[in-house]
Amino acid sequence: MKTETILLHYGYKPDTTSSQAVPIYQTSSYRFDSIQDARDLFNLNKEGNIYTRIGNPTVSVLESRLAAMHNAKGALSVSSGQAAILYSILNLASYGNNIVSSKYLYGGTYNLFKYTLKKFGIDVKFAQTNESNDFEKLIDKNTKAIYIESIGNPTNRIAEFEELSSIAHNFNIPLIVDNTVSPLIFNPFDFGADLIVYSLTKFISGNGTSIGGAIVEKGDFNWNNPKFKDEFDFDESYHGISYIEKFITSGVFVTKTRLQLLRDIGACISPFNAFLILLGLETLPLRIEKHCKNASKVAKFLSVHPKVNWVNHLSLPDHPDYKLANKYFKKGFGSIIGFGSNGGFEKAKAFVENLKLIVHLANIGDARSLIIHPASTTHSQLTKEELDQALISVDFLRLSVGIENIDDIIEDLEQALGSI
Ligand SMILES: Cc1ncc(COP(=O)(O)O)c(C=O)c1O
């Protein structure tokens, strides 16, 4: 099956009711046939449902579609993008380890990395720029991964994916890419990534109803290397099973995450949210194309508007990563635009408050166009210095361009700019 077909059909066989829609299996638990059946399931001697914290049939359809859409070995869906990111790190790093990360990140990820992971004894070293050698020089014997966003939210900075991947692999560590802002327009696995994390809350859902996250595992990273062997080859909490041996076909990494972290920490997605996100996935190919087309038109409009000082979108030739973007993002440049109006914060505030159609809220990737002022909201926990480092100026407005008629979006921007 090709992608559009996968997202409509893959991974679901109608159950005894012949239901066409994927059923919402809203159950916490599943009946066992016998004591032996229960024992086999608990000891991983056979596959099956036990308890929705670690697996659910509605959620499984979502997971298998996410894996198939990336031609990947496995996927795990969790309660939020943040949970997916946290689990992707906790599954490979522990006390005394570190990861090396881009500094161009969603604000929530930056907080998680800078403050919360420290409480787990995991240090995050931020590369000075997105140049590959700035990552390489931070790697030491305790480094367990390189982490980047496909297109940094909201500053639209990108990296040399293949270079970072070969640096990571030289050190026997995986490259993790948060692909939240570029599903279907970019597959990080084609450029050397080993793990993808998603906030499903955004473009994949597209309807602004549900929070969800996922980890997708390509499946060819060798976990049987000195950096990971102990962790992946012997699990005391499952009578010493080896994930490397037992789960080579279903995804070593995501299976270990499910069996250890979902079991013990429990950030599982609800079946109802999985169902709503599955509905979103069905139309993702159509939506993401329109998002990108509209965004490039909006970026062009803003870039020549006299009341706009600067515009940041990968479609614009003056973007510092324009050349790289043309190499990697052949299907579209994403739909997040940063821009600043003449007159700094006061004008930015007036502009947002004068918008009539574009919605002022904390989200991206909804089918509707959305706007926010990151420095006072999503990135407000960053110090002034950190904001400068992350390229978030006080006049920075983040626009997530939706799939409305382009004339209506531009008319709203025009009237709000006219009012300041
Ligand atoms: C790039 C990126 N990753 C992760 C997240 C976190 O996702 P969630 O809100 O689903 O926890 C966000 C949220 O805005 C995001 O923009």
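How do the residues of the shell around the ligand divide into nonpolar, polar and charged? They come out as 4 nonpolar, 10 polar and 2 charged, where Ala, Val, Leu, Ile, Met, Phe, Trp, Tyr, Cys and Pro count as nonpolar, Asp, Glu, Lys and Arg as charged, and the others, Gly among them, as polar. The model is a predicted one, so to speak of local features takes a pLDDT of at least 70 and side-chain atom pairs count only at pLDDT 80 or more, while totals for chains, interfaces and linings use all residues. Residue numbers start from 1 along each chain, following the sequence as written.

The ligand, then, has 16 residues surrounding it, and the closest are Ser-80, Gly-81, Tyr-106, Ser-199 and Thr-201. A residue belongs to this surrounding set if its C-beta atom, placed from the backbone, lies within 6 Å of the molecule. Two helices stand out here: α4 (81-90) and α5 (107-119) each supply at least two residues of the shell. Helices (H or I, at least four residues) and strands (E, at least two) are DSSP runs, numbered from the N terminus.

In general, a pair of packed helices is described by the angle between their axes and the distance between the axes. For α4 and α5 the angle is about 45° and the axes are 11 Å apart; such axes are lines fitted to C-alpha atoms, for helices over the stretch in contact, with angles running from 0 to 180 degrees between N-to-C directions. The pair is therefore oblique, given that angles under 35 degrees count as roughly parallel, over 145 as roughly antiparallel, 65 to 115 as roughly perpendicular and the rest as oblique. The crossing of α4 past α5 is right-handed, meaning that the near helix is turned clockwise from the far one by less than a right angle, with anticlockwise giving left-handed. On the α4 side the contact uses Gln-82, Ile-85, Leu-86 and Ile-89, and on the α5 side Gly-108, Thr-109, Leu-112 and Leu-117; being in contact takes C-beta atoms, placed from the backbone, within 7 Å. Sorted by class, that contact holds 5 nonpolar and 3 polar residues, and no charged ones.

From α3 come Thr-58, Val-59, Val-61, Leu-62 and Arg-65, and from α11 come Pro-271, Ala-274, Phe-275, Ile-277, Leu-278 and Leu-281. This contact divides into 9 nonpolar residues, 1 polar and 1 charged. With α15 (residues 406-418), the axes of α11 come within 10 Å and cross at roughly 30°, which makes the two roughly parallel. Here the crossing is right-handed. Asn-294, Lys-297, Val-298 and Phe-301 of α11 meet Ile-406, Ile-409, Ile-410 and Leu-413 of α15, a set with 6 nonpolar, 1 polar and 1 charged residues.

What about cover from the solvent side of things? Strand β1 (residues 74-78) holds Leu-76, which is buried because 30 other C-beta atoms lie within 10 Å; the cut-offs are 20 or more for buried, 12 or fewer for exposed, and partly exposed in between, with C-beta atoms placed from the backbone. Leaving aside residues up to four places away in sequence, Leu-76 touches Glu-63, Ala-214, Ile-215, Val-254, Thr-257 and Arg-258. Helix α2 (residues 35-42) is hardly covered, with 0 buried residues among its 8. In the loop between α2 and α3 sits Glu-47, exposed because the count of C-beta neighbours inside 10 Å is 9.

Just after α2, Leu-44 has a positive phi of about 65°. Asn-71, in the loop between α3 and β1, has a positive phi near 55° without being a glycine, and its 13 C-beta neighbours inside 10 Å make it partly exposed. Asn-172 also has a positive phi, about 60°; its place is the loop between α7 (161-170) and β5 (175-178), and it is partly exposed, with 15 other C-beta atoms within 10 Å. Finally, the peptide bond from Asn-153 to Pro-154 is cis, with omega near 10°, and Pro-154 lies in the loop between β4 (143-149) and α7.

Terms used: Two residues are in contact if their C-beta atoms, placed from the backbone, lie within 7 Å.
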